[in-house]
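This report describes a single protein chain. Please examine the sequence and the structure before reading on.

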Amino acid sequence: MRGGSQPKWLARLGPFLGLAAVILFFALLSDSPANYLSARNFRIVSAQTVIVALGAIGMTMIIVSGGIDLSVGSVVALTGVVTATALRAGWSPFSAVVAGVIVGGVVGAVNGLAITRLKVLPFIATLGMLGIARGVAKWLAGQQTVNFPDTWVNELAVTFPDPAWLVVAPGVWLALLLAVAAAFVLRNTVFGRRIFAIGSNEAAARASGVATDRIKVWIYMVAGLLFGLAGVMQMSRLRQGDPTVAIGSELDVIAAVVIGGGSLSGGEGSILGSMVGALIMAFLRNGSQQMGWPTFVQEIMIGVIIVLAVAVDGLRRSRAAQ
């Protein structure tokens, strides 16, 4: 990992301070701060965070390795349609969920192979996949939404779960569990250290004997599995497979990672930071909705935040280089 002149504790606290600032900002603007800061609203936000959080876990690994994936939104739509189609065809809920997740992994593997075997830049390869996956989702769904019978899959991303002792949706607990597992892998395994090595200096990692291409394929495939699970959660929230859903959600996922301390230059990032970034995105959208602000205001704010986060990272790097 790369260091810098900025104190490490300040860099680590940055996302948490940002989250506190966003919550405080909307609490002060709200007509009813008690309602905004209520446990009920926090449960709503937690349910709204699941999809971006799952995507951010996978995107963190990709960005730490120096790559990027612009196909997240399309993969979410495709895997949601696949899962809904399987459920409608009479598959068991477990088999349908597995099918959706595996399709996400296959898409990720194809991205990884295009990047490593065909030597296509990650930006271009995943931009192409953005169109391909969206097109396949529309073809599979017949350009319509796919409805299916009620199953336990519908309960994965509900705001108020049954039984109530779960407190938050099963999807939230699943996202937390996967975040802890991913953080452990990134920080405490050879695979994780090689991801950081590739992102910091790929040529040096290759010279040290690291099979960079093979690891990249694994990174994109694992991230694809997580995007596929995010697609299952999206389908669960909507209670149908929609091939037009999640357009632009890659922006939210990338923003969550960058706000959380991930560097688009590679070599830096953490799962914890990305989870806090996902919460910042969720509180931004939740607060904007409560204020009655139009969608374009949210998009402008998110765009500004991404630019500021990248600018701060650039300044930090330039100071470190001096």
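## Contacts along the chain

In the protein chain, 79% of the contacts with a separation of 6 or more are between residues 24 or more positions apart; a contact means heavy atoms within 4.5 Å. This is a predicted model, in which local features need pLDDT of at least 70 and side-chain atom pairs count only at pLDDT 80 or more, while totals for chains, interfaces and linings use all residues. Residues are numbered from 1 along each chain as its sequence is written, and side-chain values use heavy atoms, with hydrogens and water left out.

## Helices and overall dimensions

The protein chain contains 13 helices and 0 strands. These elements are DSSP runs numbered from the N terminus (helices: H or I, at least four residues; strands: E, at least two).

The C-alpha trace spans about 60 × 50 × 35 Å along its principal axes.

## Burial and charge

Of the 322 residues in the protein chain, 50% are buried. Buried means under 20% relative accessible area, exposed means over 50%, and partly exposed lies in between (1.4 Å probe, protein chains only).

The chain carries 22 positive and 13 negative charges, whose mean positions are 10 Å apart. Lys and Arg count as positive and Asp and Glu as negative, whereas His and the chain ends are not counted. Each charge is placed at NZ of Lys, CZ of Arg, CG of Asp or CD of Glu.

Ile124 lies in helix α6, which covers residues 122-141. Ile124 counts as partly exposed because its relative accessibility is 45%. From C-alpha to C-alpha, Ile124 is 10.0 Å from Asn111, and the two are 13 residues apart in sequence.
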